[in-house]
Amino acid sequence: MTGRRRPSTRPFRAAVAALCTAVGASLLSGCGAVLSNKSDSDPITVMTWAPEGTKATNMPGMPAMAKAFARWVNDSGGIHGRKLQVVTCNERNDAVQAAGCAQRAKDDKAVAVVGSYSQYGRSFISPLEVAGIPYIGGYGLTQEEFDSPYSYPVNGGQAALLVGNGRQLASRCERTALVRPDTIAGDELPQLLNTGLSAGNRTAAHDVRAPEDAGDYSRQATTALEGVGADTSLGGADQGASLENSCVTAALGNRTGTFFDSFRRVQENHPKVRIASILGGVRQSLIDSTGGTSSPLEGTYATGWYPAGDDPRWNPMKKVINKYAFDDNRIDPDDPGTQTTWIGYTVLRSVLMSLHADDISARTVRNALDNGHAVNTGGLTPTLRWGYDDTLHVPNYSRIVNADVTYQMVRHGRLVAVRKGFVNVSKILERYHPAD
């Protein structure tokens, strides 16, 4: 993690925010739209972006869920009678494209970017800050999403997942290996996992870097197994060898399934170990496609942000999907990207409905959030607020307001909760100290 750490941009961002507040939107057009009377026919524009059709992680369900949410809102009377217009952008897992999507949000006069996915926080957050556009409910993949005063995350991002996963595995695993992307975003993950392991009095995980767009991960699987002591000299599965206290966890996004497929083949000549992941890597659709109740993922541990997919608190979202996106196979209601988009738009709708119909802009949305507007998400998260006293102030993740995670596992072919309710990892996150 030492070779890629970039200097913090928080002082610059804070200065931008202070300047916008002091001077006002009437003088700085980049701080939000100038107020004007709006007719009921004027739409309220927002944007959602995500990568689609790439060789790495794809999240087509996020813009699709955004469109379905807008159809539901508009069919229910809109926002104070005004139509909610969702503009989508293909981020393509590319830094230039991510910046281009942010620029398009400015050009289209979006009042917010909502429920989006990108690993290029440095590319998109600065243009949004200059334009004064809030970023609500991003997937939580990058440090910038938890550092910028213009970002309003609905979950604890990768930080909470990895810390939670480490704490979950600490109860079982004496030795752990982490397989993660060899990217800037991936460089953050080992120390976060190790923070969770340390809270359970376990040693640091063996760090295995992997390309995020590979078609085979046999070499990384072998390295991970050997890293937790499961080398071939101990005998393979045919001899019944097993290392119950050794664990391999993977955080490769959509490529996690590809990794586990390679891992299953390599494991045949090694002692068996426990496997784990974070939600987004292991999802119900992957379990179904690999055999359901006979899936090799049976028994896998998983850490998520939200309740399990079969929880009734997801019923309102599923009803919207069934009515307004019934034939859209891009939307998987069990996918955390889809779920995060639903929650992000729940926040947006709550904020917009709290404003006057003719006083909706990027600036007023941001001001409402900064001034402590509270959002009830129906129990999918704690009540969300982004006032100064609501943030955790974790180094590099100072915008986290929700540090709850859920512990799940694959049991009888279904991802189910292994304990009731949420696990709050805020105290563990506060122990996190990034490397210099």
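A residue is called buried when its relative accessible area is under 20%, exposed when that area is over 50%, and partly exposed in between, with a 1.4 Å probe and protein chains only.

The structure is a predicted model, in which local features need pLDDT of at least 70 and side-chain atom pairs count only at pLDDT 80 or more, while totals for chains, interfaces and linings use all residues. Residues are numbered from 1 along each chain as its sequence is written, and side-chain values use heavy atoms, with hydrogens and water left out.

**Colour by confidence**

Begin by colouring the chain by pLDDT, the predictor's confidence in each residue on a scale from 0 to 100. The mean pLDDT of the protein is 88, and 88% of its residues reach 70 or more. Next, select residues 1-14, where pLDDT stays under 50. For this stretch the model has 34 contacts (heavy atoms within 4.5 Å) beyond four places in sequence. Residues 16-37 also stay under 50, and the model gives them 35 contacts beyond four places in sequence.

**Select Ser277**

Helices (H or I, at least four residues) and strands (E, at least two) are DSSP runs, numbered from the N terminus. Ser277 is placed in strand S9. Is this residue buried or exposed? Ser277 has 0% relative accessibility, and therefore counts as buried. Now display its surroundings, leaving aside neighbours within four places in sequence: among the residues in contact with Ser277 are Asn165, Thr249, Phe260, Val282 and Tyr301.

**Select helix H8**

Move to helix H8, residues 218-227, whose buried residues are Gln220, Ala221, Ala224 and Leu225. Turn the view to look down the axis of H8: these buried residues fall within an arc of 135°, so they line one face of the helix. The arc is taken from the directions that run from the helix axis to the C-beta atoms. What covers the buried residues of H8? The cover includes strands S6 (175-181), S7 (206-210), S8 (242-250) and S9 (272-278), together with helix H9 (256-267). After H8 comes Gly229, which has a positive phi, near 85°.

**Select the aromatic rings**

Rings of Phe, Tyr and Trp (its six-membered ring) pair if their centres lie within 6.5 Å; planes under 30 degrees apart count as stacked, over 60 as edge-to-face and the rest as tilted. The structure holds 18 aromatic pairs. In one of them, Tyr139 and Trp305, the ring centres are 5.1 Å apart and the planes stand at 75°, so the pair is edge-to-face. Tyr139 lies in the loop between strand S4 (135-136) and strand S5 (151-152), and Trp305 in the loop between strand S10 (301-304) and helix H11 (315-324), so the pair ties together parts that are 166 residues apart in sequence. Tyr139 counts as buried because its relative accessibility is 5%, and Trp305 counts as buried at 2%.

Next, select Tyr217 and Phe259. Their ring centres are 6.3 Å apart with planes at 70°, so this pair is edge-to-face. The pair links distant parts of the chain, with Tyr217 in the loop between S7 and H8 and Phe259 in helix H9, 42 residues apart. Tyr217 is buried, with a relative accessible area of 0%, and Phe259 counts as buried at 0% relative accessibility.

Then show Tyr117, Tyr139, Trp305, Tyr306 and Trp314, which ring pairs link into a cluster.

**Select two arginines**

A charge sits over a ring if NZ of Lys or CZ of Arg is within 6 Å of the ring centre and within 35 degrees of the ring normal. The charged end of Arg349 sits over the ring of Trp72, 4.7 Å from its centre. Arg399 lies over the face of Tyr152, at 5.0 Å from the ring centre.

**Select the cysteines**

How many disulfides are there, by the rule of cysteine sulfur atoms within 2.5 Å? The count comes to two. One joins Cys89 to Cys101, with an S to S distance of 2.1 Å. Cys89 lies in strand S2 (residues 84-90) and Cys101 in helix H3 (residues 95-107), so the pair ties together parts twelve residues apart in sequence. Cys89 counts as buried at 12% relative accessibility, and Cys101 is buried at 0%.

Finish at Cys173 and Cys247, whose sulfur atoms are 1.9 Å apart in a disulfide. The torsion about their S-S bond is about -80°, so the disulfide is left-handed. Cys173 and Cys247 are both buried.

How values were computed:
Disulfide = S-S within 2.5 Å.
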